[in-house]
Amino acid sequence: MRNLVEMIPGGVPVVVGLMLASLLLSSMVPIRPQMWLYPLVRQAVVMKIDYQTKNMLAQETPHFIIRYTPSDADMVAMVAEAAEAAYEPVTSALHYAPGKKTLILMHPDRQAMKQAYGWSGDASAMGFYWGGVIQILSPKAWMKNPSLNEFIATGPLAHEYTHLVLDHMARGNYSRWFTEGLAQYVEYRVNGYEWVTADNRLTGKLYTMDELDGDFDNLDNQALAYRQSLAAVRYIAEVHGEAKLTQVLTYLTKGEKINKAIEKSLGMDYGSYETMVNLWAQGNMKQYSKIAK
Ligand SMILES: [Zn+2]
């Protein structure tokens, strides 16, 4: 996934203009400089994607604008309902709501989604969040008999919308594992959905927090990296309480790095946190079993 700040659409002048305007208006709050620039770059990316897709069909809901192709005219009402169904649980879990309507692009097939904006993520994914915009695969492309309840429960909207809301709150100041853990935590809490496979048992060899904090997207066992991310977030919320998870989010919005945000919120060092997460996960999280499948 490309770094947002590296991608300056519309050329440098757009961002420089936004920066100067913002410099004049802002009182330079003491946050990391990239956190100050980040929302401007994201806003420029949204403007670019919005412009590029302006000729697509569109449906607006109270909090979303869904753009789609004629082949998905029969899907858009369902997607609109599912998006609105995700809005309240996600914004109340994160205690934050984005100011503007969120753009959702619906692609008719995997090929179209893969081509979208040079996306190079997991080919089996049903959607992704990048640069302030949610992109999803048409439910027709992966569901046998698309139904609203199934789409809400197993579709990508609660997950991707959580990525978006965190991105707005923390202005890019979070690690990949944390946003994946939080998105899965909200999906788990709201829809009871968990990604459990034979490859992501938490009883075998695990990644270290160092590895998760490092190059998350290039870890070989993505199923395990995602599962451990969920464990690390669930541990905070279920053992220390939801209020501590909110505190971690608050520290991120103030510019603390994720390890410091966790240390300060839980009153424990990062090494102990890692040990406790793994112990807790082994005893408390669902493990893959052939019988249960
Ligand atoms: Zn995700």
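Before I looked at any partners, I settled that two strands pair if DSSP finds at least two bridges between them. I also kept in mind that this is a predicted model.

**Entry: S1 and S2**

I started with Leu-57 and asked which residue is its bridge partner in S2. I found Tyr-68 there. I then followed the chain between them and came upon a hairpin, which links S1 to S2 through 3 residues.

**Entry: S2 and S3**

Next I checked whether S2, residues 64–68, is mostly covered or mostly open. I noted that 4 of its 5 residues are buried, so I use the cut-off here: a residue counts as buried if 20 or more other C-beta atoms lie within 10 Å of its own. On to strand S3, residues 102–107: I counted 4 bridges between S2 and S3, and these strands run parallel. Phe-64 stands opposite Thr-102 of S3.

I see an open sheet of 5 strands in the order S1-S2-S3-S5-S4, and its pairing is mixed. I looked for the edges and found S1 and strand S4 (127–130), each of which pairs on one side only. From one strand to the next, the twist averages 20°. My friend H3 turns up again, packed on the sheet and touching S1, S2 and S3. The direction of H3 makes about 155° with that of S2.

**Entry: H6 and H7**

I moved on to helix H6 (residues 157–170) and helix H7 (residues 176–191), whose axes come within 8 Å and cross at roughly 135°. That angle makes H6 oblique to H7. I recorded the passing of H6 and H7 as a right-handed crossing. On the H6 side, I listed contact residues including Ala-158, His-159 and Leu-166. On the H7 side, they include Thr-179, Leu-182 and Val-190.

**Entry: H10 and H11**

Last, I looked up helix H10 (residues 242–253) and helix H11 (residues 258–266). Their axes come within 9 Å and cross at roughly 140°, and H10 and H11 are therefore oblique to each other. H10 passes H11 in a right-handed crossing. Which residues of H10 meet H11? I noted Lys-244, Gln-247, Val-248, Tyr-251 and Leu-252. Among those they meet in H11 are Ile-258, Ala-261 and Leu-266.

Note on methods. Residues are numbered from 1 along each chain as its sequence is written. This is a predicted model: local features need pLDDT of at least 70, side-chain atom pairs count only at pLDDT 80 or more; totals for chains, interfaces and linings use all residues. A residue is buried if 20 or more other C-beta atoms lie within 10 Å of its own, exposed if 12 or fewer, and partly exposed in between; C-beta atoms are placed from the backbone. Helices (H or I, at least four residues) and strands (E, at least two) are DSSP runs, numbered from the N terminus. Axes are lines fitted to C-alpha atoms, for helices over the stretch in contact, and angles run from 0 to 180 degrees between N-to-C directions. Angles under 35 degrees count as roughly parallel, over 145 as roughly antiparallel, 65 to 115 as roughly perpendicular and the rest as oblique. A crossing is left-handed if the near helix is turned anticlockwise from the far one by less than a right angle, and right-handed if clockwise. Two residues are in contact if their C-beta atoms, placed from the backbone, lie within 7 Å.
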